[in-house]
Each structure stands twice: as structure tokens, then as C-alpha cells.
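Subject: Structure handover

Hello,

Here is the structure I promised you. Please open it alongside this email and follow along.

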Amino acid sequence: MSLHRGLGDLSERIALANAKPVLDSGGYVLVVLNRALRGDDNPVLDGAIAHAHHLNLPLLVYSELDETWPYASDRLFYFALGAFRELAKTLAKKGIVCIQQLKKIGDKPVLPLLIDRAAVIYTDQDYTHWDKAKIQTWIDSAQQSVFFVDASRLVPTSQLPQKLRTTPAFRKAHGALREKYVSLRCATNEALAEYRLPSLDPSELPTGNFATHTDADLTQLISQCDINHDIPISIEHPPTQAELQQRINRLKTDILSRYKWIRNNAALEHSTSQLSPYLHFGMLSPHQLLHEIESSDVPKTYTWKFRDEFLTWREWSHHQAFHNPAIHTFDGLSNSAKKTLLAHADDNRPELRTKEQILYGETPDPTWNAAQKEWLHTGWLHNNLRMYWSKQLLRFTDSPQSAWDMACYINDYISLDGRDPATYASMQWAFGNAKPGYSEKEIYGWVAPKSDRAILKRKGMKEWIEARQ
């Protein structure tokens, strides 16, 4: 859009989502944040601020959490509301009005009222199926322009070549653009620093956000929701900026310099950053994280592996989700993976277990059980164990489709960073979207299996597994 040209990276991150005009009668620019739940370094806010400045209108930010959200649980609601709270506090410091709704069945929806009074709307572009469907419902009814903003990736997906086929090809294309978008993001921040918007009179608008809610307040609200209360809040991963900053500090001081050598050992207390829940809910931007890495005292020769995991593999998963909307389904697997798995669908499976036995880690595999119990209890699982975890589901279920459905169920249901392009792409890898195995095997066909031999050789892992039996 012309008004964003010259404002850093905005013109390359923003796309029109519908064919409607800007409404002269609108009283503000509305921002609907779904998963970009942060008040700083947020291109959605930046694009809206630039447009509000152009129209001489105030800004209004809205987010909602709905009881009917698939797989809604105490765990996911608490983390999401915690992210809402941090967002509302940051926006309050900036003087931006923020409305947030915990929408229960039967409640009058707030969003349609806010849309009716908006001149134009900005929202974050998400590639996962549920978020896309939810966003599309209100976009279809909007009478004014709605703009999508790519806020979850360092390099906007639209600026990459179409359908890159391999990780090396993606790494090369993405790597060539990283410095450009770091520079452009800085230019955006500088350009908008002097913008001042009119104040919004909220007297005729719905009010309320979670800025002043305590942990106990959030817990009480969640207990009154008609959601699944069997998946408890994760005390190990609190949704606060203080905890996020502590993890970033630990990454810089204790993890980056050793990451290449410690990253595969789940028994080490701090072998990974454990930032994925905060990236998933948008509490942390990729630009912020990259800046923290680059500003550390650790030489790039040591940080390369972490940057590659964070930028290449994470953003490639988003690229795949963009070009494969069925990434969350068994049908979304590659044809070769589906063909070989289905060819072995009738193979004998002597280790079959029920859905409940799988969910609660009651299988013949102690390593798998320990990983599943850790995930069920905390909402987060070490990535190296996830690779092993995904592969074994083919042993415990009655068909490859059932194995995929179970993987998605657990990922979507209990994982704080589930329902995400990165987690779906990881499971696709486990189900055969990778190099074929060295030989054809029962159940797996040409999908490479994975044993726990290397896992058990790592220092402390046998004890880690035994502690979770």
C-alpha cells in the first residue's frame, strides 16, 4: 500500500485481505491481534499506526479468547490470558486503548460492534487452519478494508521464492534476505518514533482488559469457563514478560556458547531456550530474539546452530504451511510418505494401545512413556525427544492415519507450542517428509524409524526416564 512505502519493512509485510474501501465514517483504526500478542516490535501495530497517522484517527486494539476454541483447556487459556495481560500493560504505557474479551457461550460478542465503527482494520496473518478460519469469518462480514500483516517471521513469506523444495534451498534464499529485513525493521521503528495519534474516547465502547488481573484472578476466571479442566495450568512455563526475559538472559549467558553440544540432551536442565511457547503466542518477535542473540558476547561461530534452528527451520515450517494449507492433516503428507505408510497399514502391530493409554504414557516403551508424561505434565517437550516421540506412534495405533490423528491430538491438546506450523512440520518429518530409510520395514515401510539408543547414551537420560515412570 502506498502510504506504507518508505516506512521500513511495512510495505512488504502488508497485504489487502478483502476488496472493501476505507470508511470515511470510521472513528478509529482497529487492530485485531490473534497470536501476535505483544506491544513492542509488532508490525501489525506499526502498519495500523502508520495508517491512523495518515487518517488522523486514534488506534484501538482488540483480542479475544473464546470458550469454543478447539482443545480449550486450563493450560492453554491461562497462557493465552497471561499473554493478553502483558500486551494490555505494554499498550497502556503507550497510551493505546486495548479491549480484551474472554468470550463465553451466550455472551454478546464485542468484535462486531468494534468492526462497525472502524475505518480500517489490521490483523496478523496466521497460516494455521483454526486461526485462518476464525479470522476469515469476521473478514467476510467486514464492510471496510482489512489488511493482513506478516508479524511472525523475520523474512516475510511473500518475499521468498515460491514453494522451495528443500531445507538447503530455503536456507540459501532466506539467508540472503535476513540482513535486509533486520535493517528495514530498524528503519520502521525509527520512522514511526515521532508519530503521535489522537486520543480515543472509550466512553461509548465496551471496556475491559486483563492488565490489572493477578494470577489468582486469571485462575478464577478460567475455572468458570466451560472448557476442559483436566489439563492443568503449567507452572513450569509462566506467561510473563519477566519469565521471558529471564529465559533470554539464560540463553545468552548459559546456552548459546554450548548449544551445538548440549541441545540434544533433555536431561540437562538448560540445554535449550524453551522459548517456543512465547514465540507461538507472539509474546516475542523473531527480530527481538535475533537482536538478543547478536548483542550477546558469544561469537557467531558458536551461535550459528541456534540461529539456524530458530530462523531456517522455524521459518521454513511457516513457508511450508503457507503453501500447504493441509499441513495439519494426514493427506498433507508427501505422496511418497502416504504411499509407503498405507502399503503397510495392514501390518501386524503387536504393541497396540488405547487412546487413553497413549495419552497417559502407558505403552511398552519406557523412553516414550517418560517423554509423554513430561509433555502431559508441563506442556512442553524437548525437541530431540519429540522426534523420537512422533516416530513411535505408528507402533501403538491401528493405522498410519490413526497415528497421525493421535500425534495431532496430543500436540494440539496439551502442548503450549502446539497448533503451530513448526510442530506440524516436525510431525510431518517424523511421518516421512524426509529422506527415506535404508530398508523397507514392517509398519514403517520406507519411513525411517528411530530408536532410543542414542538417547539412552546421553549423560543423565536413564535417570531422567526413570524419574518419570
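Start with the second largest pocket: helix α7 gives the largest share of its lining, 7 residues. Keep in mind that this is a predicted model.

**The second largest pocket**

This pocket has a volume of about 950 Å³. Its lining counts 36 residues. Look for D41, N42, D46, R185 and N189, which lie nearest the centre. Several helices take part. Helices α2 (43-55), α7 (178-192), α12 and α13 each supply at least two lining residues.

**Helices α12 and α13**

Two of those pocket helices, α12 and α13, also pack against each other. Helix α12 covers residues 286-294, and helix α13 covers residues 300-323. Their axes come within 11 Å and cross at roughly 170°. An angle over 145 degrees counts as roughly antiparallel, so α12 is roughly antiparallel to α13. On the α12 side, the contact uses P286, L289, L290, I293 and E294. On the α13 side, you will find K300, T303, F306, R307, F310, L311, R314 and E315. By class, that contact has 7 nonpolar, 1 polar and 5 charged residues.

**Helices α13 and α19**

Stay with α13 and turn to α19. How far apart are the axes of α13 and α19? They are 8 Å apart, and the helices pack at an angle of about 85°. Angles from 65 to 115 degrees count as roughly perpendicular, so α13 is roughly perpendicular to α19. Helix α13 brings S317, H318, Q320 and A321. They meet P421, A422, A425 and Q428 of α19. This contact has 4 nonpolar and 4 polar residues, with no charged ones.

**The cavities**

Helix α19 turns up again here. The structure holds 3 cavities of 30 Å³ or more. The largest cavity has a volume of about 40 Å³. Which residues line the largest cavity? They are W375, R386, W389, S390, N411, T423, S426 and M427. Two elements give two or more residues to this lining: α17 (383-396) and α19 (421-430). By class, the lining has 3 nonpolar, 4 polar and 1 charged residues.

**The sheet**

Now find the strands. Strands of a sheet pair through backbone hydrogen bonds, either parallel or antiparallel. Here, 6 strands form an open sheet, and the pairing is mixed. The order is β1-β6-β5-β2-β3-β4. Which strands sit at the edges? They are β1 (14-16) and β4 (97-103), and each pairs on one side only. From one strand to the next, the twist averages 25°.

One place to look is I121, whose bridge partner in β6 is V146.

Last, look at helix α3 (residues 74-94). Helix α3 lies across β3 (59-66) and β4. It runs at about 170° to β3.

That is the tour. Send me your questions once you have looked through it.

Best wishes

Definitions and conventions: Residues numbered from 1 in each chain as written. Predicted model: local features only at pLDDT ≥ 70, side-chain atom pairs only at ≥ 80, totals over all residues. Heavy atoms only, no water. Axes fitted to C-alpha atoms, helices over the stretch in contact; angles between N-to-C directions. Helix = DSSP H or I, 4+ residues; strand = E, 2+ residues; numbered from the N terminus. Parallel < 35°, antiparallel > 145°, perpendicular 65-115°, else oblique. Contact = heavy atoms within 4.5 Å. Nonpolar A, V, L, I, M, F, W, Y, C, P; charged D, E, K, R; others polar. 1 Å grid on protein atoms, 1.4 Å probe; cavity = no way out; pocket = protein on both sides within 12 Å on 5 of 7 lines; lining within 4 Å. Points joined across faces, edges and corners; volume = space filled by probe spheres on them. Pairing = 2+ DSSP bridges.
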